[in-house]
Amino acid sequence: MKYLAILLSLSLSLLAGCASVQPPSAPLPPFADARFAPPSEPVGAGDLFTLSPAMLSYLNSPAFNRYLRQSGSRRGLVEALYSKTDLKLEYESSKTRTAAETYADRSGNCLSLVIMTAAFAKELRMPVRFRSVDVGNDWSRKADLYLGSAHVNVAVGEPVDSGFRGNGLNEFLVVDFIPQEEAERLRARELDEDDIVALYMNNRAAEMLVQDRIDDAYWWARAAVDKRPGLIAALNTLAVIYNRHGDLALAEQTYRAALLREPENVMVMRNLQPVLATLGKHAEASALAQRIASIEPFPPYYHFDQGMLALRAGDFDKARRLFERELKRAPYNDEFLFWLGVTHLRLGDVQHAREQIAKAVDNSTRQEMRQLYSAKLAMLRKVSATGTHIR
């Protein structure tokens with residue numbers, strides 16, 4: 001099966017690397033509005049940071065203000081939003097939400113949580129800084145799409161009317177969802193609010209694609225490119241949409257526009273290569289395939305797929321080695337962790353199976369997968385308690 005790669009901003013890290021946000025230094029590909037049906041829902045981000053009445057009520061509640069009194073404005077805001085006793089927010093990656101949707105659902109991916117935090121901070125007149133970090137891409141796979149998760153976070157400062165005059169990054173409190181010692185090693189750069197808006201719209205486009213809603217995906221991707229023409233992730237998503245829609249010439253043109261801005265982007269090159277082959281440009285497709293192999297010889301999921309073949313063939317030692325190799329590239333991928341756990345179970349090692357599946361539960365970003373892994377983990381704990389042997 002042929003897979004297409006898309007980059008989203010999903011996983012929450014310290015200063016997060018959403019995607020390359022470059023100035024529009026090259027011509028943009030044309031949009032193709034007439035080829036797509038009108039969107040089935042409003043497309044835009046006008047209400048992205050808008051607080052709902054329930055959010056405003058929470059801001060004025062005794063519980064929220066108690067956090068501010070006890071911990072100060074910045075830390076009090078973060079404690080109020082992310083304590084385990086009040087809002088009980090849950091990380092969930094299936095949909096990128098607005099600030100109001102995240103608050104109402106009590107869940108969201110990293111971009112949603114950043115947006116909601118910024119919305120509250122802005123209402124409290126706290127300056128905010130959006131940041132990205134170079135942490136590499138963490139891939140997941142749905143249907144015939146690879147979804148690359150990149151990373152964003154937000155830092156908040158003291159309210160503008162507090163009398164505090166510091167401007168350096170040290171004067172901002174970073175809302176950080178990875179261990180501080182790990183975060184400090186990461187290279188970071190600032191994004192502006194328009195970057196966040198474009199990333200939100202790009203995520204919505206990718207989510208529409210996963211649901212096979214091609215027309216809706218087009219309008220979201222178009223809005224993202226229109227907002228930030230230099231956003232490589234949005235150009236790539238738009239090209240994937242053209243490809244899926246059968247508009248191969250437009251897909252080629254859009255992939256090339258992305259590569260003009262970022263010539264070494266392997267994700268874009270991997271998507272462009274089969275388009276060139278389908279269009280009959282075999283020499284160029286072959287040359288591009290060789291270039292890709294020289295940069296990244298093994299695509300995402302390569303070792304995992306080989307491990308699944310070995311697992312089905314009953315070669316559990318080989319499967320374990322291949323899953324472990326894939327995990328060196330993506331140590332927090334819940335799917336890789338789970339199947340490594342299953343392999344340990346097939347090898348009769350219940351303890352290591354339980355450890356890996358527990359990690360899968362901890363790192364899963366989707367509620368339905370957490371439930372599946374948790375059920376398996378509960379079974380393993382029962383086996384350990386009773387001393388039953390499983391192969």
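**Close-up views of a predicted model**

Figure 1. The model shown here and in the views below is predicted. R106 belongs to the loop between α4 (99-105) and β3 (107-108). Its phi is near 55°. That is a positive value in a residue other than glycine.

**Figure 2. R125 is another non-glycine residue with a positive phi.** Phi of R125 is about 65°. The residue lies in the loop between α5 and β4 (128-133). R125 has a relative accessible area of 49%, so it is partly exposed. The cut-off for exposed is over 50%.

**Figure 3. Y58 in the largest nonpolar core.** This core holds 111 residues. F49, Y58, M116 and F120 touch the most other members. Helix α5 (residues 110-123) gives the most to the core, with 10 residues. Leaving aside residues up to four places away in sequence, Y58 touches F64, Y67, A80, L81, D86, L87, Y103 and F120.

**Figure 4. Strand β6 is buried on both faces.** Every one of the 12 residues of β6 (residues 145-156) is buried, so the strand is largely enclosed by the rest of the structure. On one side lie L145, L147, S149, H151, N153 and A155. On the other lie Y146, G148, A150, V152, V154 and V156.

**Figure 5. β6 pairs with β5 and with β7.** Both pairings are antiparallel. Strand β5 (residues 138-142) joins β6 over 5 bridges. There, S140 stands opposite L147 of β6. Strand β7 (residues 173-175) joins β6 over 3 bridges. V156 has L173 in β7 as its bridge partner.

**Figure 6. Helix α12 has a buried side and an exposed side.** Helix α12 (residues 282-295) has 14 residues, which should span 20 Å at 1.5 Å a residue. Its end C-alpha atoms are 20 Å apart, so the model agrees with that expectation. A285, L288 and I292 are buried. These three cover an arc of only 65° around the axis, so they sit on the same side of α12. A283, Q290 and S294 are exposed on the other side. The cover over the buried residues includes α11 (266-278).

**Figure 7. Helix α14 packs through one buried face.** Helix α14 (residues 316-329) also counts 14 residues. From its first C-alpha to its last it reaches 20 Å, close to the 20 Å expected at 1.5 Å a residue. F316, A319, L322, F323, E326 and L327 are buried. Seen down the helix axis, these buried residues fall within an arc of 140°, so they line one face of α14. They pack against α13 (302-312) and α15 (334-346).

**Figure 8. The whole protein, for orientation.** The protein contains 17 helices and 8 strands. It has 391 residues, and 50% of them are buried. Take the contacts between residues at least 6 apart in sequence: 68% of these join residues at least 24 apart. The accessible surface comes to about 17,600 Å². Carbon and sulfur atoms account for 50% of that surface.

Terms used
Residues numbered from 1 in each chain as written. Predicted model: local features only at pLDDT ≥ 70, side-chain atom pairs only at ≥ 80, totals over all residues. Heavy atoms only, no water. Core = buried A, V, L, I, M, F, W, Y, C linked by side-chain atoms within 4.5 Å. Buried < 20%, exposed > 50% of the residue type's maximum accessible area, 1.4 Å probe, protein only. Helix = DSSP H or I, 4+ residues; strand = E, 2+ residues; numbered from the N terminus. Contact = heavy atoms within 4.5 Å. Expected span 1.5 Å × (residues − 1). Arc of directions from axis to C-beta. Areas by Shrake-Rupley, 256 points an atom, 1.4 Å probe, with all protein chains shown as cover. Pairing = 2+ DSSP bridges.
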